[in-house]
Number of protein chains: 2
Amino acid sequence: MVKRYDSDKVKALVHKIYKAYGFTEKQSSAVAETLIYTDLHGIASHGVQRMVMYDHFIQNGKIRVQSKPEVVKETDVSAVVDANFGLGQLNGIYSMNIAIKKAKAHGVGIVTTRHSGHYGIAGYYANMAADQGLIGLSSTNSRPAMLPTHATQAFVGTNPIAFAMPAKPHNFIYDAATTTVPQGKIEVYRKLEKDLPALWVAKDGNQEINDHHDTADLDALRDPLSNVGLTPLGGVTEETGSHKGFGLGIIVEVFTAILSMGNTSTEISPENLQVGPSQSFIAIDPAIFGDVDQIVQRFSEYLQQIRELSAIPGKKIYVHGDKEALAYEDRKQNGMIIDDKTLAEVIGIADRLGVKHGSLAMD
Amino acid sequence: MVKRYDSDKVKALVHKIYKAYGFTEKQSSAVAETLIYTDLHGIASHGVQRMVMYDHFIQNGKIRVQSKPEVVKETDVSAVVDANFGLGQLNGIYSMNIAIKKAKAHGVGIVTTRHSGHYGIAGYYANMAADQGLIGLSSTNSRPAMLPTHATQAFVGTNPIAFAMPAKPHNFIYDAATTTVPQGKIEVYRKLEKDLPALWVAKDGNQEINDHHDTADLDALRDPLSNVGLTPLGGVTEETGSHKGFGLGIIVEVFTAILSMGNTSTEISPENLQVGPSQSFIAIDPAIFGDVDQIVQRFSEYLQQIRELSAIPGKKIYVHGDKEALAYEDRKQNGMIIDDKTLAEVIGIADRLGVKHGSLAMD
């Protein structure tokens, strides 16, 4: 049975944990906000579930608690940020706020950042812009995971692209890895002891791995330049469009690592404390093109037309952001969902740090 | 056997044909340049092969020879262009040149255009920026072709995304439909009487069509809101990433039709002379982020690392732009390739317009 918890109480606990690490009041509040936002929108893999990984990195110094992101180069429409290995979420909020400020003043803001950390869901930052009436985009690179078309070694990251745009009844939010599935999806299937669908994971370039018992190969997914990798969106042959997902992964690399002169996917490793992912944050004010109300109205009608197309029997047509909006309604009303293992991990962190916690149950 | 022709002679003939339609010297030269560029880079589907379609549209008034694109709204970093139903290539060159000029002056230029025409390959315009040391992007929408995930009606266009970036030994050029394959690929397979690979085309949302004899269904690909459509990149199930290609198609719609208040994919029809595709053109100067030579050097090294990864036996790893560069070398040395049918069509147009033509053979 799914267990429900009071999101305000969980947020307060997360806040106290980050305060205990040494983050400021404002920083702790921001981190708690991003993690709870993610869980409330149904993306459990990137919510409080990630706290145990961040805890590990805070303890071993990969995430530097006292670090602050800083602008190292700037124009009216752009900035390069060095995150100095601070917490990814704090860098993300800082950098997207710069992009938003520039977009409001000059129409466009493009920020590229280096030496950041894992920043959760890219869609959170894209949506920060959309919540202010702007178009937002964000991407991050990651350690090697994707097999370039015809390659037998994982090299490019899962490199998600997030895009958000104001719409009614809620923002359009696209947030997707440029691999067929992200790493987290493989982990979920392994935990559930389910075999993997066709062509999520390939060995030696084009040999499918489906058996969840194939521990050695699936563990090798985490090795740099491994002969086991995630397939690009479009699979492993040019016939099915493999080169398209692969190319989109490279484009993400340009906006994140290449323009910031940060670490490329292939240089990133969880064990190396001197490298960190590179990220990008773009905001565009639709007002530079026309009347924003008219643009948003037209876009909302276009999306509604799609929702109302004929569908495969038993299936529903969702546009991007619909499922997350439904999850949010459910969680706000019935409580957020945390699995037992994750809850135990969070409580364990709190206990170790001497953070007091009462009941997290719904009232 | 593949027949080879002198590209300079073919270009001169194309130039004369466009002059005969009533285009100016400069316009005719520009159109000839884009079409021959496309054939020389090995993309035969979008080169002189398209002249017969344009000829049809010029004759019936869908392409208005005397029209000129005009800026209807502008800021330092943006412009909205109304192409007034002129030739797509002329709108593309005009609009990308505005984006380039703005990027050189202010770092970024984003141009969105409405009421354009079929503009050939998106990569041509993206590469115009890369040839001037900038990052370039271009997209176009098109008549309905893509099945939104779970929908049984084609609604979104094939909506390609092109991205170009300076690199050595040649520019990186990504240019790909957000469907698994573009319409042209289906036509090529039908002409060759080859069955279609898995999941290029689906009926009623998720029923594969592979048999090239299935004329009624494959012809229905061209009908608006047809129950036969092209699959999004990622196929027709969420498991394989269908929603990703579908979402990228919508993002293209935003930058092209929504921001320009032009025609969305679903409104576009070859038969309707009062609508035309919407397009986008973006240029970004990498100098706003850092030293351009260093950035290009780092990117070129990154691409070279990919080329040198281990490959599936018998396969080669290409990065985007490599195949086109190889085709260009071959065609420049050995002559451009035109199939007999296309050549007869072009000669037919020339004869009808009273345009004289000598031999097109290699000397």
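Is A:Leu221 buried or exposed? At 2% relative accessibility, A:Leu221 counts as buried. Buried means under 20% relative accessible area, exposed over 50%, and partly exposed in between (1.4 Å probe, protein chains only).

Before you go on, some ground rules. This is a predicted model, where local features need pLDDT of at least 70, side-chain atom pairs count only at pLDDT 80 or more, and totals for chains, interfaces and linings use all residues. Residues are numbered from 1 along each chain as its sequence is written, chains are lettered from A and ligands numbered from 1 in the order in which they are written, and side-chain values use heavy atoms, with hydrogens and water left out.

**Stop 1: A:Leu221**

Select A:Leu221. It sits in the loop between helix 7 (215-220) and strand 10 (228-230) of chain A. Helices (H or I, at least four residues) and strands (E, at least two) are DSSP runs, numbered from the N terminus. Now show the contacts of A:Leu221, leaving out residues up to four places away in sequence: among them are A:Pro144, A:Ile186, A:Val201 and A:Leu230. Contact means heavy atoms within 4.5 Å.

**Stop 2: where the chains meet**

Show both chains. 88 residues of chain A are in contact with 88 residues of chain B. Together the chains bury about 7,100 Å², 72% of it on carbon and sulfur atoms. Buried area is the accessible area (1.4 Å probe) that two parts lose on being put together, summed over both. Select A:Phe289, A:Arg298 and A:Tyr302: they supply 11% of the area that chain A buries against chain B, more than any other three residues.

Next, pick A:Lys323 and B:Glu238. They form a salt bridge, with the closest N and O atoms 2.9 Å apart. A salt bridge is a side-chain nitrogen of Lys or Arg within 4 Å of a carboxyl oxygen of Asp or Glu. The count between chain A and chain B is four salt bridges.

**Stop 3: a hairpin in chain B**

Go to strand 2 (residues 70-75) and strand 3 (residues 78-82) of chain B. They run antiparallel, joined by five bridges. Two strands pair if DSSP finds at least two bridges between them. A hairpin links strand 2 to strand 3 of chain B through two residues. Click B:Glu74: B:Ala79 in strand 3 stands opposite.

**Stop 4: a sheet of three strands**

Stay in chain B. Here an open sheet has the order 9-8-10, with antiparallel pairing. Strand 9 (207-208) and strand 10 (228-230) of chain B are the edges, each pairing on one side only. Two bridges join strand 8 (residues 201-203) to strand 9 of chain B. Select B:Ala202 to find B:Glu208 of strand 9 opposite.

**Stop 5: two loop residues in chain B**

Select B:Thr158, in the loop between strand 5 (135-140) and strand 6 (161-165) of chain B. B:Thr158 is buried, with a relative accessible area of 10%. Leaving aside neighbours within four places in sequence, its contacts include B:Arg143, B:Pro182 and B:Leu230.

Finish at B:Ser269, in the loop between helix 8 (242-260) and strand 11 (279-284) of chain B. B:Ser269 is buried too, with a relative accessible area of 19%. A polar atom of its side chain lies 3.2 Å from the backbone nitrogen of B:Asn272. Not counting residues up to four places away in sequence, B:Ser269 touches B:Lys62 and B:Val275.

Methods:
A polar contact is a pair of N or O atoms within 3.5 Å; within protein, one must be able to donate a hydrogen and the other to accept it, and residues adjacent in sequence count only if both atoms are side-chain atoms.
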